[in-house]
Amino acid sequence: MRSYQIQDNLGFVKKLLTDDTFDTFLLSEASITTFATFQVDGTFHPDYLNTAEAEQLIAEKSGYTLWKRVRPFFFDLTKGRHTPLRFSIVFRLAPHNVKKLITQGGLPISPEQVDGLFLNIRFDGKTISCVSGVSMKSFTLDRSLEHAWDDMLEKFFRQKQIPFLS
């Protein structure tokens, strides 16, 4: 688990809300406080839509919707003259990407052992911080997945030109 202090709030929020930078992440949960607090549960309800995305998410058995489906609603809540008082977003890596990370890293873990790889984003009204997290289905002392996930996030931030301090 690592914490990343975002150095360019405006640039980060633009990438988060108007660009496709985080669109491949699954949304676990989110909340934003403007004139009221809005909370979103990222649980995907496949009966609502009959699309290729629904079929893909059902096949992956992830149970969560992609950020790209929620991003426009979140953006609408931030429009206006006022900065949100706070927001919190919890992303999780899609199961096929978890498997890819494990395979490419040659890690001694099976994807079935992983409950989730998370990226927690918090804005407190002044600063944005991101915290990585790993949840396993059973206890292990092995931290290789945690290190691989942290390394991947740092590489992701650099590729997407998101300045940070860790």
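**First stop: helix H1**

The buried residues of H1 pack against E1, helix H3 (67-78), strand E5 (86-92), E6 and E7; contact here means heavy atoms within 4.5 Å. Helices (H or I, at least four residues) and strands (E, at least two) are DSSP runs, numbered from the N terminus. Keep in mind that this is a predicted model, where local features need pLDDT of at least 70, side-chain atom pairs count only at pLDDT 80 or more, and totals for chains, interfaces and linings use all residues. Residues are numbered from 1 along each chain as its sequence is written, and side-chain values use heavy atoms, leaving out hydrogens and water.

Now select residues 9-17, which make up H1: Gly 11, Phe 12, Lys 15, Leu 16 and Leu 17 are its buried residues. Buried means under 20% relative accessible area, exposed over 50%, partly exposed in between (1.4 Å probe, protein chains only).

**Next: the strands**

Show E1 (residues 3-6) with E7 (residues 128-136): they run antiparallel, joined by three bridges. Two strands pair if DSSP finds at least two bridges between them. Click Ser 3 and you'll find Val 131 of E7 opposite.

**Last stop: Phe 157**

Jump to helix H5 (residues 144-159) and pick Phe 157. Phe 157 counts as buried because its relative accessibility is 0%. Leaving aside residues up to four places away in sequence, Phe 157 touches Tyr 4, Leu 119, Cys 130, Ile 162 and Phe 164.
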